Amino acid sequence: MSTQKQVINNFKKVCICRSVTGGTIMKAIREGSLSFEALRRAIRVGTGNCKAKRCRPKIEAQLQAYKESLDPSSEKAPSSKANA
Ligand code: FES
């Protein structure tokens, strides 16, 4: 199911102002744009009318997830929800 979700996210517009999809962002991240500023320079995300208010949190989360997938030592411990 996660690949199906990835395919959907590839076509979803993340930066609505600039019509940049999740797939385009992921491609730029894989090619070495590992910060929001680098992505801004490479594919111009966050340069629309909203000045990244809508897209920056989503892009930062995408960057964080990618970095965590590269570094196995930064894996988060599973959250321990207490059943009250
Ligand atoms: S949604 Fe990205 S700049 Fe507005």
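Student: Does α2 pass α3 in a left-handed or a right-handed crossing?

Tutor: The crossing of α2 over α3 is right-handed, a term used when the near helix is turned clockwise from the far one by less than a right angle, anticlockwise being left-handed. The model is predicted, with local features needing a pLDDT of at least 70 and side-chain atom pairs a pLDDT of 80 or more, while totals for chains, interfaces and linings use all residues. Residue numbers start from 1 along each chain as its sequence is written.

Student: Why are α2 and α3 called roughly perpendicular to each other?

Tutor: The axes of helix α2, residues 22–30, and of α3 come within 10 Å and cross at roughly 110°, the axes being lines fitted to C-alpha atoms over the stretch in contact, with angles from 0 to 180 degrees between N-to-C directions. Roughly perpendicular covers 65 to 115 degrees, with under 35 roughly parallel, over 145 roughly antiparallel and the rest oblique, and therefore α2 and α3 are roughly perpendicular.

Student: Which residues of α2 and α3 meet, and how does their contact divide by class?

Tutor: On the α2 side Thr24, Ile25 and Ala28 take part, and they meet Leu39, Ala42 and Ile43 of α3, contact here meaning C-beta atoms, placed from the backbone, within 7 Å. By class, the contact of α2 with α3 has five nonpolar residues, one polar residue and no charged residue, where Ala, Val, Leu, Ile, Met, Phe, Trp, Tyr, Cys and Pro count as nonpolar, Asp, Glu, Lys and Arg as charged, and the others, Gly among them, as polar.

Student: What makes the packing of α2 and α4 oblique?

Tutor: Helix α4, residues 56–70, packs with α2 at an angle of about 45°, and the two axes are 11 Å apart. That angle is neither in the parallel nor in the perpendicular range, and α2 and α4 are therefore oblique to each other. The crossing of α2 and α4 is right-handed. The contact brings Ile25, Met26 and Ile29 of α2 to Ile59, Gln62, Leu63 and Tyr66 of α4, and the residues of this contact of α2 with α4 are six nonpolar, one polar and no charged.

Student: How many helices and strands does the protein chain have, and in what order do its elements run?

Tutor: The protein chain has four helices and two strands, and from the N terminus on its elements run α-β-β-α-α-α. Helices here are DSSP runs of H or I with at least four residues and strands are runs of E with at least two, numbered from the N terminus.

Student: Which residues make up the largest nonpolar core?

Tutor: There are nine residues in all: Val14, Cys15, Val20, Ile25, Ile29, Leu39, Val45, Cys55 and Ile59. A nonpolar core is a set of buried Ala, Val, Leu, Ile, Met, Phe, Trp, Tyr and Cys residues joined through C-beta atoms within 7 Å. Strand β1, residues 13–15, and α2 each supply at least two residues of this core. When residues up to four places away in sequence are not counted, Cys15 touches Val20, Val45, Gly46, Gly48 and Cys55. Of the 84 residues of the protein chain, 13% count as buried.

Student: Why is Ala38 called partly exposed, and why is Ser35 called exposed?

Tutor: A residue is buried if 20 or more other C-beta atoms, placed from the backbone, lie within 10 Å of its own, exposed if 12 or fewer, and partly exposed in between. Ala38, which lies in helix α3, residues 36–43, has 15 such neighbours and therefore counts as partly exposed. Ser35, found in the loop between α2 and α3, has 12 and is therefore exposed. The C-alpha atoms of Ser35 and Glu60 are 7.9 Å apart in space, although the two residues are 25 apart in sequence.

Student: What is the phi of Arg44, and what makes Arg44 partly exposed?

Tutor: Phi of Arg44 is near 65°, a positive value in a residue other than glycine. Arg44 is placed in the loop between α3 and α4, and it is partly exposed because 13 other C-beta atoms lie within 10 Å. Ala52 is found in the loop between α3 and α4, its phi is near 75°, a positive value in a residue other than glycine, and its 18 C-beta neighbours inside 10 Å make it partly exposed.

Notes:
Two residues are in contact if their C-beta atoms, placed from the backbone, lie within 7 Å.
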